[in-house]
Amino acid sequence: LAGESSEQDGGAINLTSAYSAEADTGTLTLATGTSREGNSGSISLCTGDAKSGQAGTIVVSTGTGKAGGDVAMAAGDSTSGRGGSVTISSGASAKSSSGHATIQTNAATGQSGAIEIATGDGVSS
């Protein structure tokens with residue numbers, strides 16, 4: 001928990017792995033523990049509400065390199081029930097337009113990347 005303030009900006013929290021000049025940098029892992037009998041814990045990444053301004057932004061991105069890093073988002077597999085779901089949704093508005101939901105590939109000097117939407121194979125009983 002960063003510092004609170006009623007009139008100034010609240011405190012900041014930075015999680016950073018160490019710098020390396022000639023080798024790999026460190027890995028940063030945020031995970032909950034494994035549960036033998038119950039549910040594993042949840043991870044929530046969210047900004048606070050803004051009563052008179054714009055709520056904060058969450059950015060998930062990789063660094064630039066000779067090859068760009070990947071961003072992977074996947075729901076959990078199931079051993080006996082339904083697998084997890086992934087939902088991408090724009091924000092609603094009580095007085096204006098809802099937000100945009102955009103999936104796009106970026107420009108390239110060669111061929112631009114593809115957008116693929118597919119479902120897995122199913123076996124009905």
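Tutor: Happy to! On a 1 Å grid over the protein atoms alone, a pocket is an open set of points where a 1.4 Å probe fits, with protein on both sides within 12 Å along at least five of seven lines; its lining residues have an atom within 4 Å of a point. A volume is the space filled by probe spheres set on the points, which are joined across faces, edges and corners. By that rule, the largest pocket has a volume of about 1200 Å³. This is a predicted model, in which local features need pLDDT of at least 70 and side-chain atom pairs count only at pLDDT 80 or more, while totals for chains, interfaces and linings use all residues. Residues are numbered from 1 along each chain as its sequence is written, and side-chain values use heavy atoms, with hydrogens and water left out.

The largest pocket is lined by 21 residues, and V71, M73, I88, T102 and I103 lie nearest its centre. Its lining has 13 nonpolar, seven polar and one charged residues; here Ala, Val, Leu, Ile, Met, Phe, Trp, Tyr, Cys and Pro count as nonpolar, Asp, Glu, Lys and Arg as charged, and the others, Gly among them, as polar.

For the second largest pocket, the space is about 530 Å³. Among its 12 lining residues, G11, A12, I13, C46 and T47 lie nearest the centre. That lining divides into six nonpolar, five polar and one charged residues.
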